[in-house]
Amino acid sequence: MLTLLLAAGLLAVPSCTGLGSLSTVSSSAVGGVGEVITGTVVASRDVTIDTDSSTKNMGTLLGAAVGAGAGQMLGGGSGRVVSTVGFGALGALAGRGAAKYGDQTQGQVLTVKADKGGKTYNVTQPVYDGVGYIPVGTHGTLQLSGGGKFLPDGV
């Protein structure tokens, strides 16, 4: 039982991975029309993109369940209650910590100057697999709709 609970908890904790392929789109993007411009990155700042609160809450709940399950197996009588509550609380803390730090993504805030008109745009985006960090001076296409995304020429 404990092994099953631990396995379920480990599978549910988000992994620290990249965002995958740039060719994957959500179903809500199908049929959408968006504006794009070409421009050059004139400033760049590295950031860490944090997980959303629902992922942190899920980590807390799973950690508490796994901890309480482990505590239930220890002691007897009132000792079992104390160990269940204590291990549940420790599991909740560990689960929240794992979810908080296990699902952060590296990203960048890019300032892009448009080729035509010279207007500047800021976009915050993750560091995409296959693209990596985008340095100042990189020319590419900025998608203004759908959350915004800058892609270097040739990607």
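1. Which residues line the largest cavity? They are Gln-108, Gln-125, Pro-126, Val-127, Tyr-128, Val-131, Gly-132 and Ile-134. Here a cavity is a set of points on a 1 Å grid over the protein atoms alone where a 1.4 Å probe fits but cannot get out, and lining residues have an atom within 4 Å of a point. By class, that lining has 5 nonpolar, 3 polar and no charged residues, with Gly counted as polar and Tyr and Pro as nonpolar. The volume is about 30 Å³, meaning the space filled by probe spheres set on the points.

2. A quick word on the source. This is a predicted model, where local features need pLDDT of at least 70, side-chain atom pairs count only at pLDDT 80 or more, and totals for chains, interfaces and linings use all residues. Residues are numbered from 1 along each chain as its sequence is written, and side-chain values use heavy atoms, leaving out hydrogens and water.

3. Now look at Thr-138, in the loop between β3 (120–126) and β4 (139–143); strands are DSSP runs (E, at least two residues), numbered from the N terminus. Thr-138 counts as buried because its relative accessibility is 16%, and the cut-off for buried is under 20% (1.4 Å probe, protein chains only). Leaving aside neighbours within four places in sequence, Thr-138 is in contact with residues including Phe-150 and Pro-152 (heavy atoms within 4.5 Å).

4. Phe-150 and Pro-152 point one way from strand β5 (residues 149–152), Lys-149 and Leu-151 the other, and all are buried. In β5, Pro-152 is the bridge partner of Gly-140.

How values were computed
Helix = DSSP H or I, 4+ residues; strand = E, 2+ residues; numbered from the N terminus. Buried < 20%, exposed > 50% of the residue type's maximum accessible area, 1.4 Å probe, protein only. Pairing = 2+ DSSP bridges. 1 Å grid on protein atoms, 1.4 Å probe; cavity = no way out; pocket = protein on both sides within 12 Å on 5 of 7 lines; lining within 4 Å.
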